[in-house]
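The notes below go with the picture.

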Amino acid sequence: MTIPAVTFENITCSFTARGDAGQSYTAVKDVNLVVGDGEFVSVVGPTGCGKSTLLNVAAGLLKPSSGMLRVFGEPLAGVNRKAGYMFQSEALMPWRSCLDNVTAGLEFRGVAREEARRQAEEWLARVGLSGFGDRYPHQLSGGMRKRTALAQMLILDPKIMLMDEPFSALDIQTRQLMENELLELWSANRKSVIFITHDLEEAISLSDRVVVLSAGPATRPIGEFTVDLPRPRDVSEIRLSPHFIELHDRIWHSMKAEVLKGYAQTRNRVSA
Amino acid sequence: MRKHLRLWQAGLLLAIFGLWQVLAQPELLPPIVWDNPHRAAFFFGEPLKIFHVIWVWFSGGEIYGHLWVTLQETALAFIIGSVLGLAVGLWLGLSPTASALFDPYITAMNAMPRVVLAPIFMVWFGLGIWSKVALGVTLVFFIVFFNVYQGVKEVSPVVLNNTVMLGANRRQLLRYVYLPSATSWVFSSLHTSVGMAFVGAVVGEYLGSAKGVGYLIQQAEGAFDINTVFAGILVLTAFALVLDFAVTRVERRLLVWRPTQSETEPL
């Protein structure tokens with residue numbers, strides 16, 4: 001038995017409400033989750049259920065109120081150096097060109113500039129951006145910025161990839177292209193992936209396993225589904241296969257009640 | 001109209017000077033406002049005489065020394081004020097304790113009309129350029145400081161977290177994220193701070209000096225030589241325009257990474 005890449009052990013995260021120290025809000029409660037080495041796990045759940053909180057805990061950006069996070073068996077202290085993080089919103093440094101954004105991580109590690117640039121060129125080519133290295137982020141389209149962010153993360157060769165709805169801002173065509181590219185890069189060099197999304201189809205088509213979270217507050221996993229679809233997959237084709245549809249039905253059935261609960265809460269919050 | 005905008009603008013300028021010349025002409029208008037026909041020219045000067053003064057200044061070369069001094073003072077005030085503002089802004093922006101401690105002092109110093117410090121600076125630094133530089137620095141510092149402080153506070157947390165995840169330590173965060181973000185705010189206030197450096201230099205010269213365009217104006221005022229006063233003002237205005245144009249050029253070079261509406265070209 002190999003050591004799992006990431007283990008959540010009874011993770012609970014509470015936040016004190018802003019402006020009212022007495023009030024506290026528990027985002028996630030008693031979460032236990034194991035992500036194997038080289039496994040692609042998607043986490044789905046209703047909006048505002050604390051999916052990103054879990055990812056931030058895994059990244060070491062957020063210290064859980066209680067519980068422990070293990071990375072390859074070791075308790076995590078500080079930032080998770082074995083992980084790369086791809087954020088939902090724009091995370092590139094706008095004042096650095098595309099190429100300089102990709103080299104940044106290597107520069108922090110003290111890699112010589114020449115060498116860093118050579119590797120960055122390679123990665124830009126791999127994500128289909130060769131020739132765009134001297135552009136600034138604002139001169140690139142949303143999809144190209146995501147590719148840059150992907151190259152920026154992968155150039156450091158992290159053992160664990162944390163992805164927080166990375167493609168949610170993209171249009172559906174670009175999104176499926178990016179998903180296929182991600183799968184291709186992933187199968188060439190299997191890393192552990194925790195992929196957060198609210199899109200069930202995306203979750204099933206990409207992953208080995210789908211974890212369903214309950215609606216917040218006090219979110220916890222309420223179901224786990226193994227996705228035994230054959231690889232390599234084409235995300236736009238696999239959606240039509242009968243087994244995919246059956247899986248989708250089953251997972252959606254377990255999610256539905258939670259999604260409705262989450263929706264009702266959001267609506268109440270708006271009307272209040 | 002839009003096609004010949006420059007022409008229209010020049011025409012308007014000419015018209016204003018023409019009207020000015022006519023209205024100030026002795027005995028051209030019936031004496032309604034002034035009982036002494038030469039009074040209008042005495043108070044408002046005459047454009048032709050003003051331009052003559054300017055012509056003499058430039059052809060005789062007398063003005064260049066004065067302009068050079070004013071330019072030096074402006075540049076020094078801008079550079080020193082910006083560097084100080086950047087350093088203190090970064091420091092207070094990154095250290096909540098220091099920021100909480102100094103907050104009322106910063107507010108008080110900013111609210112104080114700093115031009116009244118000019119005589120004190122004159123005592124401290126003498127009548128040379130440094131008292132003017134000091135005045136300009138106090139004006140520039142606060143503009144840059146507040147911008148940098150704001151810039152540090154408003155660094156995108158996502159960009160910050162991303163940089164942390166890429167392995168940046170505290171020093172690298174400062175160099176790769178805070179400093180570029182803060183400098184971009186400094187550049188966006190470039191026009192105001194260069195303008196303030198210029199104001200500091202001229203006001204300082206005006207209050208006591210032996211050289212500079214402000215000194216020329218002050219001398220002429222002492223002799224009730226309105227034409228020379230206006231000549232000085234016009235030279236200063238032209239100078240400020242040139243300075244502003246230069247700043248725009250520099251700004252365009254330094255902020256290429258910033259999206260502007262005309263520049264954005266999504267692919």
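In this predicted model, strand S6 (83-86) of chain A runs parallel to strand S7 (residues 160-164) of chain A, and four bridges join the two. Strands are DSSP runs of E with at least two residues, helices are runs of H or I with at least four, and both are numbered from the N terminus. Two strands pair if DSSP finds at least two bridges between them.

**The sheet of chain A**
- A:Gly84 has A:Met161 in S7(A) as its bridge partner.
- The open, mixed sheet has six strands in the order S6-S7-S8-S3-S9-S10.
- S6 and strand S10 (221-226) are its edge strands, each pairing on one side only.
- Strands of a sheet pair through backbone hydrogen bonds, either parallel or antiparallel.

**Contact between the chains**
- Chain A gives 25 residues and chain B gives 21 residues to the contact, where two residues are in contact if their C-beta atoms, placed from the backbone, lie within 7 Å.
- On the chain A side, S6, helix H2 (98-108) and helix H4 (142-154) each give two or more residues.
- H2(A) gives the most, with three residues.

**Confidence and numbering**
- The model has an ipTM of 0.87 and a pTM of 0.78.
- Residues 263-267 of chain B have a pLDDT below 50.
- Where pLDDT is low, the predicted coordinates should not be read in detail.
- Local features need pLDDT of at least 70 and side-chain atom pairs 80 or more, while totals for chains, interfaces and linings use all residues.
- Residues are numbered from 1 along each chain as its sequence is written, chains are lettered from A, and ligands are numbered from 1, in the order in which they are written.

How values were computed: pLDDT is the predictor's confidence in each residue, from 0 to 100.
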